[in-house]
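Please read the following report on selected helix pairs, a strand pair, a chain contact and individual residues alongside the sequence and the model.

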Amino acid sequence: MKDQQYIDQLKDIRTIMDRSSRFISLSGLSGVLAGIYAILGAFSAHYIIHYRNHPYITPESAEFKQLIAIAAAVMVLSISTAAILSARKAKKSGEKAWNKSSRRLLINLFIPLTTGGIFGILLMREELYGLIAPVTLIFYGLSLVNASRYTLETLRSLGILFIILGLINTAFPAYSLFFWTLGFGLLHILYGTIMYLKFDRKQTD
Amino acid sequence: MKHVISHINKAFDHRIRLGIMSVLMVNEWMEFTALKELLEVTDGNLASHVKALEQEGFIVVTKQFIGKKPNTRYAATAAGKLAFEQHINALEQLIKQSR
């Protein structure tokens, strides 16, 4: 009887420590969906590149604008899906979606992420197109590693995989679309599924 | 057995006080309002437990103004952290012994 009381106390301590320092309601399902958006985006990008009207895609061409639009759409869809599903999951488990831990998570995610985004735009201005895909992969990986301290720890190893992929991609810039799909598509789906099975489902049981 | 029980700290023998310490073990500091939300307690309830821990010297309070809003922050002292760690260890020991 007394024993169960101690066990419950220890459980309470662990829950409160986690809840106060990490945003644990990050949705695994949103990772899977982000991966699917990325793959669909990559297929349409491949289609555009394959059936282009000119030998080269220049920044002035319609194709270039279409590619940028696809990338932006994938990003906006992924971020909003993650936000909506995580907020819903937080509500279900009684965690506040907008609290100190979720704010900390976002700030620490977006510092390296925004740096990478701006860096990518500057590379584009310098016409270093081959580096854009690896740079987005590397900075996204660094963002995940940085954010993992404020949410599920699983994000850390996902981040490291993105960094490795980005570095390999730097050596083979011609296969950028392939690496990009492998990272943002496949890795997201893989990790999203693991997180879904590990955390999301357990919660509804 | 006896010395294990002596580490079970009476100051932590309450759900809310246990909660306050748990939060302050993993966060450098926490505001009153955030603490209230995390532990799902009323103002008065939280205030009285915070006071008890403060009197034991386990936490410190800093009051300041952010603009015109008063802002109260709590942090665990070194003594508080040590005492809480011993408390957790004692709990674990007790569970182990009775198995």
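Glu127(A) is found in the loop between α4 and α5 of chain A, where helices (H or I, at least four residues) and strands (E, at least two) are DSSP runs, numbered from the N terminus. The model is a predicted one, in which local features need pLDDT of at least 70 and side-chain atom pairs count only at pLDDT 80 or more, whereas totals for chains, interfaces and linings use all residues. Residues are numbered from 1 along each chain as its sequence is written, and chains are lettered from A and ligands numbered from 1 in the order in which they are written.

Most residues other than glycine have a negative phi. Glu127(A), although not a glycine, has a positive phi, and Glu40(B), which lies in the loop between α3 and α4 (43–55) of chain B, likewise takes a positive phi without being a glycine. The table sets out the positive phi values.

| Residue | Phi |
|---|---|
| Glu127(A) | near 60° |
| Glu40(B) | about 55° |
| Gly67(B) | near 70° |

Glu127(A) is exposed, with 9 other C-beta atoms within 10 Å, and Glu40(B) is exposed, with 11 other C-beta atoms within 10 Å. On this scale a residue is buried if 20 or more other C-beta atoms lie within 10 Å of its own, exposed if 12 or fewer, and partly exposed in between, with C-beta atoms placed from the backbone.

The helices on either side of Glu127(A)'s loop are α4 and α5 of chain A. The axes of α4(A) (residues 100–125) and α5(A) (residues 132–147) come within 8 Å and cross at roughly 170°, the axes being lines fitted to C-alpha atoms, for helices over the stretch in contact, and the angles running from 0 to 180 degrees between N-to-C directions. That makes α4(A) roughly antiparallel to α5(A); angles under 35 degrees count as roughly parallel, over 145 as roughly antiparallel, 65 to 115 as roughly perpendicular and the rest as oblique. Among the residues that make this contact are Leu105(A), Phe119(A) and Met124(A) of α4(A), together with Ile132(A), Phe139(A) and Ala147(A) of α5(A), two residues being in contact if their C-beta atoms, placed from the backbone, lie within 7 Å. By class, the residues of this contact comprise 13 nonpolar, seven polar and no charged, where Ala, Val, Leu, Ile, Met, Phe, Trp, Tyr, Cys and Pro count as nonpolar, Asp, Glu, Lys and Arg as charged, and the others, Gly among them, as polar.

In chain B, helix α2 (residues 15–26) packs with helix α3 (residues 32–39) at an angle of about 120°, their axes being 11 Å apart, and α2(B) and α3(B) are therefore oblique to each other. On the side of α2(B), the residues Ile16(B), Gly19(B), Ile20(B) and Val23(B) meet Leu35(B), Leu38(B) and Leu39(B) of α3(B), a contact with six nonpolar, one polar and no charged residues. Arg15(B) also belongs to helix α2 of chain B and is partly exposed, with 15 other C-beta atoms within 10 Å; its C-alpha atom is separated by 10.0 Å from that of His49(B), 34 residues apart along the chain.

Strands β2 (residues 59–66) and β3 (residues 69–76) of chain B pair in the antiparallel sense over eight bridges, pairing being assigned if DSSP finds at least two bridges between two strands. Val60(B) has Ala75(B) as its bridge partner in β3(B), and the hairpin of β2(B) and β3(B) has two residues between the strands.

Between the chains, the contact takes 15 residues from chain A and 17 residues from chain B. Helix α1 (residues 2–21) of chain A gives the most to the chain A side, with twelve residues, and that side has six nonpolar, four polar and five charged residues.
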